[in-house]
Amino acid sequence: MSHAIASRSEAEAFLATHPDLVSVDLLLPDQHGALRGKRIPAQELLKVYEQGLYLPGSVFALDINGNTVESTGIGFDTGDCDQPCRIIPNTLTLVPWQTKSMAQCLITMEQSPGEAYFANPRHVLDQICDRYQTQGLTPVVAVELEFYLTDTKRLRSGLLQPPIAPITGLREADTQVYAVDNLDDYSALIDDIMMAAQAQNIPASTAVAEYAPGQFEINLQHVADPVLACDQAILLKRIIKSVSRQHGFGATFMAKPYADQAGSGMHIHMSLLDDAAKNVFACDQQQPNAMLSHALAGLQVTMAETMALLCPKVNSYRRFQPDFFVAMAPTWGVDNRTVALRIPNGCISATRIEHRVAGADANPYLAMAALLSGALHGIDNELILGPRTTGNGAEKVAPSLPLNWVDAYGILGNSEFAANAFGADFLRVYTQVQQQEYAEFNRHVSSLEIDWYQRTL
């Protein structure tokens, strides 16, 4: 599959505008959504634009700690060979939080010149978007990211603790959802995040205080390009982490950093345009039309099979607890935040689906791929939508999604739908990486186990 490659003229114009540029970070999102890559001197930028650069394919076989998972077959089995990488157009921007003049850009890995690398999550999403294009449909999407600010000093137990508010000097302790005063307390940080996003052409909009001490949400505007939306989400995460460090805070996108507080999610909004740029979901939200109904039905029937993409880590499943606005069944409803698939209120032309299951720790490309492939499955097969959920979905519908790591990955591995949607070779690499990480996680003995079992057993 071919993909767009940035032209030399883009770099020439950038260097002419920024003659004092010192270096450039070349960023490649891996299986986890973590950024890998290289930092090059500014004088090498034109060469990379023309010739590309090389990184080992095993970048996509790394576990969360950066160790190669050899069972993927793309480490030692290939001689840890290099793959060509090229710069993605229109991603070259300054890095405003650095003290010296630096830039960054996203790169993509190739199997061979002009052909995307099979293990690249960005490529998986790109292929699904192509399927929409062949049907004359364009997904319009927006990503909402929840995260926690934390104190850089942990508790003696090793656990995280909420930050001390810069204005009040008090440690965060209360849930103040949508509290504007909380935004004021962190206004300098939030302003710097927004300015950095603007400098990097990332359309960050609303910032809100969320459902726990030190928790915030920043929303990205709707764009008619799901791959671009995920590029922006990946880079917004980098901004939030980097600018937070400058202000003396930690920032985490862990799904559940505190056992007794709300988890952090990645909510994705989606509508569909036809060739005439008309929203095919447009309807009275109380009575979904055929296209919207089929898309919702597809998301319902495929949600369990894609749960391991939406919630990839052991910690991901700690979000799923009652009374924290996290659905545990593939429910849908209108203006209802207790369901998995919410149809927000609004004007008919803006009718859309809000997918509320993915954790903030999910790879945005893979969470988006799960959403788009599920919706298209429902549309293509004209699936029948299940009953609408009203009231508290957690009380009305029993949990039916796989709510632990083992079950979720077992279902993904046996899913014919997932193999067809994402590619069997990609899924093999992805699951091997996650399985190795899970095995390593389970080799460690926790302090809680010592507390519970040392004396009594």
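## Glutamine 215

Glutamine 215 has its place in strand E10 (residues 215–220); strands here are DSSP runs of E with at least two residues, helices are runs of H or I with at least four, and both are numbered from the N terminus. Glutamine 215 is buried, with a relative accessible area of 2%. Buried means under 20% relative accessible area, exposed means over 50%, and partly exposed lies in between, using a 1.4 Å probe and protein chains only. The side chain of glutamine 215 makes a polar contact with the side chain of serine 264, at 3.2 Å. Such a contact is a pair of N or O atoms within 3.5 Å; within protein, one must be able to donate a hydrogen and the other to accept it, and residues adjacent in sequence count only if both atoms are side-chain atoms.

This is a predicted model, where local features need pLDDT of at least 70 and side-chain atom pairs count only at pLDDT 80 or more, while totals for chains, interfaces and linings use all residues. Residues are numbered from 1 along each chain as its sequence is written, and side-chain values use heavy atoms, leaving out hydrogens and water.

## Helix H7

Let's turn to a helix. The expected span is 1.5 Å times one less than the number of residues. Because 10 of its 13 residues are buried, H7 is largely enclosed by the rest of the structure.

Among the buried residues of H7 are Leu292, His294, Leu296 and Gln300. Their cover includes strand E13 (332–334), strand E14 (341–343), strand E15 (353–355), H9 and H12, with contact meaning heavy atoms within 4.5 Å. At the start of H7, a side-chain oxygen of asparagine 289 comes within 3.3 Å of the backbone nitrogen of methionine 291.

H13 has 19 residues and reaches 26 Å from its first C-alpha to its last, close to the 27 Å expected. Its buried residues, including Phe426, Tyr430 and Glu437, pack against helix H3 (121–134), helix H8 (307–310), H9, helix H11 (405–413) and helix H12 (416–422).

Across the whole structure, a search finds 14 aromatic pairs. One of these is stacked: phenylalanine 426 and tyrosine 430, 5.9 Å centre to centre with 20° between the planes. Rings of Phe, Tyr and Trp (its six-membered ring) pair if their centres lie within 6.5 Å; planes under 30 degrees apart are stacked, over 60 edge-to-face, and the rest tilted. Because phenylalanine 426 and tyrosine 430 are 4 residues apart in H13 (residues 424–442), about one helical turn separates them. Elsewhere, ring pairs link Phe147, Tyr186, Phe216, Phe249 and Phe253 into a cluster.

## The nonpolar cores

The largest nonpolar core holds 108 residues, of which Leu125, Tyr132, Met270, Met368, Leu372 and Phe422 touch the most other members. Helix H9 (residues 364–380) gives the most to this core, with 11 residues. A nonpolar core is a set of buried Ala, Val, Leu, Ile, Met, Phe, Trp, Tyr and Cys residues joined through side-chain atoms within 4.5 Å.

Which residues does methionine 368 touch, not counting those up to four places away in sequence? The list is Leu125, Val141, Val143, Pro226, Ala229, Cys230 and Ile268.
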